Amino acid sequence: MINKWFPRIKAKPLSEVVKSRDAFIYLDRAMWTFGWTQPEDKRWTLVYSIWKLIANLLIQILLPISMVVEYVRGFKSFSANEFLSSLEIGVNIYGSSFKCTYTFLGYKKLQRAKRILDQLDESCVCDEEKLTVRRYVALGNLFYVMYHVMYSGFVVINFVGYLLKGRHAWRMYIPLLKPEDHFLSTSIAEFLLMITVVTMDQCTDVCALVYMLLARCHIVLLKDRLRNLRSDPEKTEDEYLQQLTQCVQDHRFILDYINAVRPVFSGTIFVQFLLIGVVLGLAMINIMFFSTFWTGLGTFLFMMDVCSETFPLCYLCDLMILDCQDLSNCIFHSNWLTASRCYKSTLVYFLQNLQQPITLTAGGVFPICMRTNLSMVKLAFSVVTVIQQFNLAEKFQ
């Protein structure tokens, strides 16, 4: 059934034309909704710019401020469960504002990366390579749908849990509406605002993941081409050299692609690394000491969502590092011993370039890898340990 609603999550047959940039179809639609792209019809540029200003001013600036205002104005009325539930998402919303800013300011760089993908697609000539591209394209769209279900699921379950208790889930300050007098109206307004902000946050997280997924797709394809160099006895020496030269050019395109998206994702992942330990720590305290079943279920989903903001990307970056090591091994073990002198000199030059791994750093400080991710997550356990040692939770119960 889900394939009918989201047909792009299924790999297309060879009879249909598919490009690598098709992996961003669902993502681009969501980003277009928030004003992060550009209108296809230039006549709507002014209207679209006004919508971009209003949407991002409301969600990225006024919404975080409203939560702080509510902390100041109604702090004494908060229960411990309400305060932690609001604080954990509030901290994440402030981080999301920075992540969203990095993403939509990097729009031109992302468009440049898509054009490079179009050039890499030209090297996919055999059916096996085209099928590989189609699988990765479908996986990229599937990631968007999965993240949307996960992020929206947290909002729905958390909202219902607090609604059944007769309390607000996130306690936002909404002008002209008093929560005591307009409980249902303010609750629905909070729900709609939270759905919007988590969808924005989802776009920043899925954006980094899918762009790097397509990078790995073409690294895997390049690895297969290197492994099959000089394997066709019917080709001439000049054709072998041309084949190797094409591999060198594809590798150059992959490096250009990584360099295009690196400045965009470096900032977003840096912000997330700084927040993940604190946010998870607050969520764990909320579950362990203050939550009911429904509110605890919502907080647990929130923790899963926070982990998914960095874990898949870090794992993917580790795989890419291993793939880069395999690139040099594949070309070294190819059939080059009987090749011409020109072919061997080109191969040596290429081999030296392949031995430099493709790495990404968050803010130029933290390497984006599983080791860094686990180090940041450990901070959450440190926060819980401090709370337990000083019995701070019992003082608020």
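This section describes the overall architecture of a predicted model and then several of its local features.

The chain contains 13 helices and two strands. Along the principal axes, its C-alpha atoms fill a box of roughly 80 × 55 × 40 Å. Of the 397 residues, 49% count as buried. The accessible surface amounts to about 19,800 Å², and carbon and sulfur atoms contribute 64% of that area. Among contacts with a separation of 6 or more, 79% involve residues 24 or more positions apart.

Helix α5 comprises residues 107-121, 15 residues in total. The distance from its first C-alpha to its last is 21 Å, close to the 21 Å expected at 1.5 Å a residue. Its buried residues are Tyr107, Leu110, Ala113, Lys114, Ile116, Leu117, Leu120 and Asp121. An α-helix has 3.6 residues a turn, so residues three or four places apart point the same way. The buried residues of α5 pack against α2, α4, α6, α7 (183-227) and α8.

Helix α9 spans residues 293-308. The buried residues of α9 are Thr295, Gly296, Gly298, Thr299, Phe302, Met303, Asp305, Val306 and Ser308. The cover over these buried residues includes α4 (80-105), α6 (127-165), α8 (237-289) and α10 (311-332).

Ser20 is located in the loop between α1 (2-5) and α2 (25-33). Because its relative accessibility is 0%, Ser20 counts as buried; the cut-off for that class is under 20%. The side chain of Ser20 is joined to that of Asp121 by a polar contact of 2.6 Å. Asp121 is itself one of the buried residues of α5. When neighbours within four places in sequence are left aside, the contacts of Ser20 are Leu117, Asp121, Val133, Val137, Leu214 and His218. Leu117, like Asp121, is among the buried residues of α5.

Leu379, in helix α12 (residues 370-389), was considered next. Its relative accessibility is 38%, and Leu379 therefore counts as partly exposed, a class that lies between the 20% and 50% limits. Apart from residues up to four places away in sequence, Leu379 touches Gly277 and Val278. The C-alpha atom of Leu379 is separated by 30 Å from that of Arg73, a residue 306 positions away along the chain.

Aromatic side chains form a further set of features, with 16 aromatic pairs in the structure. In the pair formed by Phe34 and Trp36, the ring centres are 6.0 Å apart and the planes meet at 50°, so the arrangement is tilted. Phe34 and Trp36 are both buried. One aromatic cluster brings together Phe24, Tyr211, Tyr257 and Phe265.

Key
Residues numbered from 1 in each chain as written. Predicted model: local features only at pLDDT ≥ 70, side-chain atom pairs only at ≥ 80, totals over all residues. Heavy atoms only, no water. Helix = DSSP H or I, 4+ residues; strand = E, 2+ residues; numbered from the N terminus. Buried < 20%, exposed > 50% of the residue type's maximum accessible area, 1.4 Å probe, protein only. Polar contact = N/O pair within 3.5 Å; in protein donor to acceptor, adjacent residues only side chain to side chain. Contact = heavy atoms within 4.5 Å. Phe/Tyr/Trp six-rings, centres within 6.5 Å; stacked < 30°, edge-to-face > 60°. Areas by Shrake-Rupley, 256 points an atom, 1.4 Å probe, with all protein chains shown as cover. Expected span 1.5 Å × (residues − 1).
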